[in-house]
Amino acid sequence: MTRTVYLNGDYLPETEAKVSIFDRGFLMADGVYEVTSVLGGKLIDFAGHCARLRRSLAELDMASPCTDAELLAIHRELVSVNDVTDGMVYLQVTRGNPGDRDFAYPPAETKPTLVLFTQNKPGLADSPSAKTGLKVISVPDVRWGRRDIKTVQLLYPSMAKMMAKAAHVDDAWFVEDGMVTEGTSNNAYIVKGNKIITRALSNDILHGITRAAVLRFAREAQMEVEERNFTIEEAQRADEAFITSASAFVTPVVEIDGAPVGAGTAGKVAARLREIYLEEMHKAAI
Ligand SMILES: Cc1ncc(COP(=O)(O)O)c(C=O)c1O
């Protein structure tokens, strides 16, 4: 089935949506994005994704293509016309097409490019990895210094995913100055007893929308949350480890660099947090 996608005000068949070769997103990776999950035909934590999009745009002095209400309407229309029950909506804003290549930002009146498309993922919330857990390797974090901005510069995360694939594992955790920053496309956590440990927010990691929700639910469930750095060795010795992201929700990590975490099987805390997260998010979906 040909998807209907959104490009700068138009709903088009995916084969007809065209962006200029001078687009700053194409030439400079000068763009930001968001991925919102869809469960049961409804958007998960849309407000959180909108808020982070606004922040990313502001940090890059990039014009906003439309209001949050307009973005919501576009998301809903795409979910509806593409008949998405479970899946995601990908949104990207770039600094647009100034008509030539130049390092300097183009004049403010250059119209940003806004692209949205859906991805169908039947059974998104029932992924087998929720039960089996993920195996990860550690790789050096050589990304740029503003990882808090959700830009489309995803080459190194792609390379790290390929390193994981070559090592016959599921994913990679980035390590900088001996400390875990985050996963290639997710935030990283360890569990010790009743305590959940994850790196504090800074420019070193993406401020995960799922992270914010999961830590809130964990505190509400009387779990202790400690926001601090940890090493791969500490993670290997922890009771449990897990990751969070908008499309993986809460997913256990059972092996790091070949060493089992805890019993080497999916842990109870991660399972409980996943359950609470999905339950609460289903209730609040729009
Ligand atoms: C580097 C990185 N960290 C964390 C996350 C998780 O963020 P969220 O929970 O908002 O999906 C992502 C998601 O794409 C990511 O790319």
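What follows goes through the pockets, the cavities and the ligand contacts in turn.

Colleague: What should I know before reading any values?
Modeller: This is a predicted model, in which local features need pLDDT of at least 70 and side-chain atom pairs count only at pLDDT 80 or more, while totals for chains, interfaces and linings use all residues. Residues are numbered from 1 along each chain as its sequence is written, and side-chain values use heavy atoms, with hydrogens and water left out.

Colleague: What separates a cavity from a pocket?
Modeller: On a 1 Å grid over the protein atoms alone, a cavity is a set of points where a 1.4 Å probe fits but cannot get out; a pocket is an open set with protein on both sides within 12 Å along at least five of seven lines. Lining residues have an atom within 4 Å of a point. Points are joined across faces, edges and corners, and a volume is the space filled by probe spheres set on them.

Colleague: Which residues lie closest to the centre of the largest pocket?
Modeller: The largest pocket holds about 830 Å³ of space. Its lining has 36 residues, and Tyr33, Lys150, Leu154, Thr184 and Ser185 are the closest to the centre.

Colleague: How do the lining residues divide by class?
Modeller: Ala, Val, Leu, Ile, Met, Phe, Trp, Tyr, Cys and Pro count as nonpolar, Asp, Glu, Lys and Arg as charged, and the others, Gly among them, as polar. In the largest pocket this gives 14 nonpolar, 15 polar and seven charged residues.

Colleague: What lines the second largest pocket?
Modeller: The second largest pocket has a volume of about 280 Å³. Of its 19 lining residues, Ser129, Leu134, Ser247, Ala248 and Thr251 lie nearest the centre. Two or more residues come from each of β13 and β14 (249–256). By class, the lining has six nonpolar, eight polar and five charged residues.

Colleague: How many cavities of 30 Å³ or more are there?
Modeller: The count is two. The largest cavity holds about 50 Å³, and among its lining residues are Glu34, Phe46, His49 and Leu91. With four residues, α2 gives the most to this lining. The second largest cavity holds about 30 Å³; His49, Ile209, Thr210 and Ala246 are among its lining residues. Domain 1 (4–123) and domain 2 (129–284) each give at least three residues to the lining of the second largest cavity.

Colleague: Which residues are closest to the ligand?
Modeller: A residue is near a molecule if one of its heavy atoms lies within 4 Å of it. Here 17 residues surround the ligand, and the closest are Arg52, Glu182, Ile209, Thr210 and Ala246.

Colleague: Which polar atoms lie by the ligand's oxygen atoms?
Modeller: A polar contact is a pair of N or O atoms within 3.5 Å. Lys150 has a polar side-chain atom 2.8 Å from a ligand oxygen atom, and Thr210 has one at 2.6 Å from a ligand oxygen atom. Ala246 places a backbone N or O atom 2.8 Å from an oxygen atom of the ligand. The protein covers 91% of the 390 Å² of accessible area that the ligand has on its own, by the Shrake-Rupley method with a 1.4 Å probe.

Terms used
Domain bounds come from an automatic or database domain assignment. A polar contact is a pair of N or O atoms within 3.5 Å; within protein, one must be able to donate a hydrogen and the other to accept it, and residues adjacent in sequence count only if both atoms are side-chain atoms.
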